[in-house]
Amino acid sequence: MPKPRADIAANTIEFETLPLVKPTGFREYDARWWFGIPGNEKAPELNLLGAEALGLGMATLFHELGVQPKVVTGHDFRSISLPIKNALKLGLVAGGCEVLDIGLALSPMVYWSQFELDADCCAMVTASHNENGWTGVKMGANKPLTFGPDEMGRLKEIVLNGGFQPRAGGGAFRVDGLREKYIASVADSISLKRKIKVVAACGNGTAGAFAPDALRAMGAEVIEMDCDLDNTFPKYNPNPEDSEMLHAMAKAVKEYGADVALGFDGDGDRCGVVDNTGEEIFADKIGLMLARDLSKVHPGAKFVVDVKSTGLYKTDPVLKENGSTVDYYKTGHSYIKRRTTDLGALAGFEKSGHFFFRPPIGLGYDDGLVAAGAILQMLDRNPDKTMADLRDELGIAYTSLTMSPHCDDELKYGVVDKMVEEYKDLEGTEILGRKVTEVNTVNGARVTLEDGSWVLVRASSNKPELVVVVESLQSPDDMRDLFHKEVRPRLGKHEEVGAYNQEI
C-alpha cells in the first residue's frame, strides 16, 4: 500500500491508483471525511483506496495493541457507505484481521455484536448525523470502549506515514441474523404495564429499520415518522439535536396525541425527546429525569455528564437525597463512555443525545434504543405522571440549542485556546452583572456565573465547527443575552469564526 497523499484531485489517474487521506479526517475519537456526492463541487478528502489504507492502518494498530484481531464491521444507510466498508475490509484483511461483517447496522448494534461474537475490535462505517457526502468510521479495540485521542493519534501516524504491516491469515465473513437478536436484546426485560403511545422519528436514516420494531417489542404503541429508508434524507438530516427534526416531532406528538416522541440519529446511537405537550426536552434534562428516577432504584448511583449539560445536576434535591453524585467531563461519546466505565457509574449522559448505561441496564456503550427503553420504563414506573409532569419537577433552567459557527479544522483549536485564556482572565470579574465564579477548562471553556448560569465554547470533535451553549437560571431573555451580548460578540472578534448553523 503506497503512502497516502492529501493532495490528489478527483477525476485523475492518481485518484484511481493512489490512496487519498486528508489528515483532518482523524478526529479526537473517530474519523470523518468528506467523500463527496455527485453534483457537489467540494473536493473529496478520502477515496476508496484511502479507505483501504485506513483499514490496513487499523489492522496494524490492532496487532500493535496486542488484542485479538477479530473485527465486527457494519455500515449505515448512505449510498456511499457499503463500498467504503468493502474497501475498509480489504485493508483489514490485508492486515491479518478476521472481519465479521454484520451488514446494515446501527453503531450500537456493532458494539453489541462485539459481545455477541466475542470480538475485541469494531469498525462501523458511518458519518452519524453529518450531511450527505460525509463518511467516517467509529472504531474500538476494548469493548465497550471506542478509540480516544491516544489511539486516534497513533492510527493517524501509521496511516499518514505509510507505516503499514501487512500480514497473512486475514479473512472476511458475512454474519446474518443479528438484527433480530439485537432488537430482542434491547427489548429484553422491558415489559410495559402502562399503555404508552410513541412517535418513532428516524429522519429516513438507518434507525428506521430498527427502532419501530424494537419499541413495539418493548410493548409500546408506535406511530412511525419518516422510518422508510431513504438515503437522500428528503426532509432533513436525521439529527435529534437539530431544531428542524425536533419541531417535526413536536407537531407529530400533538397530531397523534402521543405520550412522547423519540427521535434517532443516522446511526442510532443517539435519542432525542419531545414530551406529550410538544415541548422539546434536551437530552441533558432527560438525563437528569432519568438520573432522578434511577437513583430511587439504585441509591448512591454515580452519573457522568458532559460539559454542555445543565447545571441543575449540581443542585438537584432528589439526587442529593438518594446519595447520588455527578461528574462533569469532556464532551464526546468516547470520553463519556470511558469516564462512565472508569468511575463505575450507572449511566452517563451527553446533551447531544448520547446515553451510556452500564449493567444492569446496558453494556456501557451509547445506544439510542436502550435509552428509549429507559425512558419508557421511567414513564412506566410513574403511571400517574406524563412526560411533561416529570419535566416540570426539575428545577428551572433556560438552556439554548447547541449552536455551531463554522471554523476550519486547522484553526478551531487555536481559536478555542484563545477563548479559554480570555475567560480565565475574566475569573472574579463580572459578565452581564454577575461575577465569574468558575472557568472549567476540561473541554474548552465552561464559564459559570455566581447565580449558576453559564456559557460554553468548545471545538467540535467531528466537524469544522465550534460549539456554543448557554444556560440561564434567570429567564429566557437572559439566556438570549448570554449569547447575543456575551459569547457571540466575543467569538466575533476572531476572524476565523464564520456563520452559525442555527441561533437562538
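Reply: The largest share of the lining of the second largest cavity, 3 residues, comes from β5. Keep in mind that this is a predicted model: local features need pLDDT of at least 70, side-chain atom pairs count only at pLDDT 80 or more, and totals for chains, interfaces and linings use all residues. Residues are numbered from 1 along each chain as its sequence is written, and side-chain values use heavy atoms, with hydrogens and water left out.

Now the terms. On a 1 Å grid over the protein atoms alone, a cavity is a set of points where a 1.4 Å probe fits but cannot get out, a pocket is an open set with protein on both sides within 12 Å along at least five of seven lines, and lining residues have an atom within 4 Å of a point. Points are joined across faces, edges and corners, and a volume is the space filled by probe spheres set on them. Helices (H or I, at least four residues) and strands (E, at least two) are DSSP runs, numbered from the N terminus.

Back to our cavity, with a volume of about 40 Å³. Two or more of the lining residues come from each of α2 (48-65), α3 (81-94) and β5. By class that's 8 nonpolar, 2 polar and no charged residues, where Ala, Val, Leu, Ile, Met, Phe, Trp, Tyr, Cys and Pro count as nonpolar, Asp, Glu, Lys and Arg as charged, and the others, Gly among them, as polar.

How does it sit beside the other spaces? There are 2 cavities of 30 Å³ or more. The largest cavity holds about 90 Å³, and of the 14 residues lining it, Pro240, Gly272, Ile281, Phe282 and Ala283 are the closest to its centre. There, β10 (271-275) and α9 (283-297) each supply at least two lining residues, with the largest share, 3 residues, coming from β10. That lining splits into 9 nonpolar, 3 polar and 2 charged residues.

β5 (134-140) turns up again in the largest pocket, where this strand and α8 (243-256) each give at least two lining residues. That pocket has about 690 Å³ of space, and of its 37 lining residues, His129, Asn239, Asn462, Lys463 and Glu465 are the closest to its centre. Its lining counts 7 nonpolar, 17 polar and 13 charged residues.
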